[in-house]
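Have the viewer open as you read.

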Amino acid sequence: MSKKLNRRDFIKSTTAVTAGVATISSGITLTTFAAEDSPVTNEKRWGMLIDTNKLTESNIDDMVNVCQEENGWGSETHSTGAQKPDWIKKVKVRDKTTGKIDMLPMMCQHCEQPPCVDVCPTNASMKREDGVVLVDKHLCIGCRYCMMACPYGSRSFVHEDLSNQKEHMPRGKGTVESCTLCVHRVDKGGIPACAEAVSSDGVIFGDLYDANSKINQTLKKIQSTQIRADLNLNTGIRYSGI
Amino acid sequence: MKRLLIVFLALTVTSVFAYGVDKHINLGDRATELKNEGKSRGIHPSLSEIRKMHPEFLLHKRDKTVHQGIRTRRNSLKECVDCHSTTKNDEYVPINAPEQFCSTCHQKVGTSLDCFSCHRTTPKEDL
Amino acid sequence: MNIRYQQIKGRSLGFYALIAGLGIFILATLGSVYFIEHHGHYVTGMSNRFVWGMPHVFALFLIISASGALNVASIASVFQKKLYKPLSRLSGLVSLALLMGGLMVLVLDLGRPDRLIVAMTEYNFKSIFAWNIILYNGFFVVVAVYLWMMFERRLNKFTFKAGLIAFTWRLILTTGTGSIFGFLVARQAYDAVIMAPMFIIMSFAFGLAFFILILMASYKWSERPLGDAIVNRLGNLLGVFVAAVMYFVAVKHLGSMYLAENAGIENFILFGEHIYTPLFWYAQIILGGLIPMALIYHPALRGNRSTLGLASLLVLIGGVVQLYVIIIGGQAYPMEMFPGKEILEGYGDIAAYSPSLAEIVLGIGGVAVALIAVTFLVKFLPFLPESLADEISDPHYKTK
């Protein structure tokens, strides 16, 4: 139902945009950037498949480092270890019965039914039509209820004043933040920095709905899992090998 | 009632203009360049409109960007900062610093601006 | 007999000393708020693991106490118990004052308290928090109207209706507060529907304890007569509520232990090696539960005001500890992220929380704000009956 509505909205807005471009085309940027001018739709759902068997420990470290570099977190001077942001972290687990050890990168799992979005009093926690879960920091009052609700502990609170942020990644004291799936890259046709940092097939980024995408085809072939699948959140980040 | 409204609007509009006339505003390096080249007209609808309406423009754009992923340059805060920043000793001065483009007006009219507790205050990473 | 309400004189040295003491504490609170907000939350003991800290312990303690303090008025106007009627005005006042203190702490601990307006204008109706914002604001209005009906002689006939609305509202409000935790599916320490009724019972006990202390103190310090009929009845009621809280705590933990997935957290709280286990057993159960009940029900101590005061104080201390164990203890234990696996690195240690002075002062500051509001208002408006001697409140009360 909602999907239908959204699609209709989408068509409406795209026609409006085309009409707008036709009428306002007074030589300003609108025409040049028309391709970037259409809203994201729910015909796509961005996701990532992480194959822990193909990832080495240094791969995971690289993913963490490029994320820090790309989004400008981790160099906070006052915050203590547990106060520092953690958009993506390396997690090592051991099976209690067999003793098998796995290592995996953990970040926001971009759920289809995100608990953080449900609990946010001001709609600051939100999910885009294409499945990316974000914090609209303009609305965030820093109540941290989303951090209580997230089953993955993947949200961070900015504990101190920041300056010299990345141009594309506004961040500030008193608001909550987390992995954005590098939307600023994805919206321009790129892929998240962490996926780019791994040269092997250990991390595949793509549109889960698109039957021709690599991620969709791989997920059809191999065994994969979602973390805390029992919660039925239908995460966008899938793992295989754990 | 209508007359009162007109008087009120006239006063607010003229006050906006009055300020622009009696004091030179720190436009920023690139914006001054564009103005001297006569290219500034194509960027903003009109001086009075952008002065009055820029909060609405920015608000509208911010929602489109965050919620719908529309990343055009028009009305993007990044672009404001890019053109309206000044340099000093080969370094950019934060745009919310005193006497800079945003703060001159905002201080004068006594409204605080909250953009730069999160947004970067200077153009791109390096000069 | 008619009850006559009268402002307290409030000209004694003791009154000014009380105001001054609370005032200094509130100044210290404002100082610590400025300190936290200026530097950011890195100056607190909170972190990404301890999302909510000491301020939330006190804020929730005060908020649930607030709804409980209204009970005395509800018993009078909804359940028509005449004995409690003279206490109704004070009950409404204590309730509003505690809520104000609690909300102040909650708001001042936000990351961006300057954006409070956003919280008032942007609502996500799926969020329990958003519901609570409406419930808290509504509570002020409902109780204010209720008090007005009580104060205005012409409107006295509406007190039953206003009281019924206020009573219903407060039950929903505490359900909402409990559900903040009850609906957190991800956390084994909280995810239980029983949180909501348990918070309601806790509110009965803490709110009444606050009320008894304020009542006895104000009558003693203003040298007005306060008879045993009322005090003993309130004391008995407190004993019942404390027992009910302990029952709910037992049911919650027993029920939770039955689920294998919760074995870890239950062991951690009930039989662990960390601070939360002694806090639970010694402070919450013994100091905040068993000892107050003994003080109230022991035949030798019956009707003794000092021991009732002590019992009420212990109930309050036990209440703060209970919320500490729930909020802080619940976060200290890691979430079960990979069932069947043990996390070696990256997440999953039992985290240690050490609250900073600033957050403790902020938390207690909420109590100070509530108390100063009560102190001022009983001076300026006639909240307190001139006399609550037995022959006025309950002519048929027999002294043993």
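Chain A and chain B meet in a contact that takes 25 residues from chain A and 17 residues from chain B, where two residues count as touching if their C-beta atoms, placed from the backbone, lie within 7 Å. On the chain A side there are nine nonpolar, five polar and eleven charged residues; Ala, Val, Leu, Ile, Met, Phe, Trp, Tyr, Cys and Pro count as nonpolar, Asp, Glu, Lys and Arg as charged, and the others, Gly among them, as polar.

A word on conventions: this is a predicted model, in which local features need pLDDT of at least 70, side-chain atom pairs count only at pLDDT 80 or more, and totals for chains, interfaces and linings use all residues. Residues are numbered from 1 along each chain as its sequence is written, while chains are lettered from A and ligands numbered from 1 in the order in which they are written.

Now look at the open sheet of three strands, ordered S3(A)-S2(A)-S1(C) with antiparallel pairing. Strands here are DSSP E runs of at least two residues and helices H or I runs of at least four, numbered from the N terminus; two strands pair if DSSP finds at least two bridges between them. S3 (101-107) of chain A and S1 (341-345) of chain C stand at the edges with a single partner strand each, so one side of each has no neighbour in the sheet. Seven bridges join S2 (residues 88-95) of chain A to S3(A), and A:Val91 stands opposite A:Leu104.

Elsewhere, five bridges join S1 (residues 46-51) of chain A to S8(A), running antiparallel, with A:Ile50 partnered by A:Val203.
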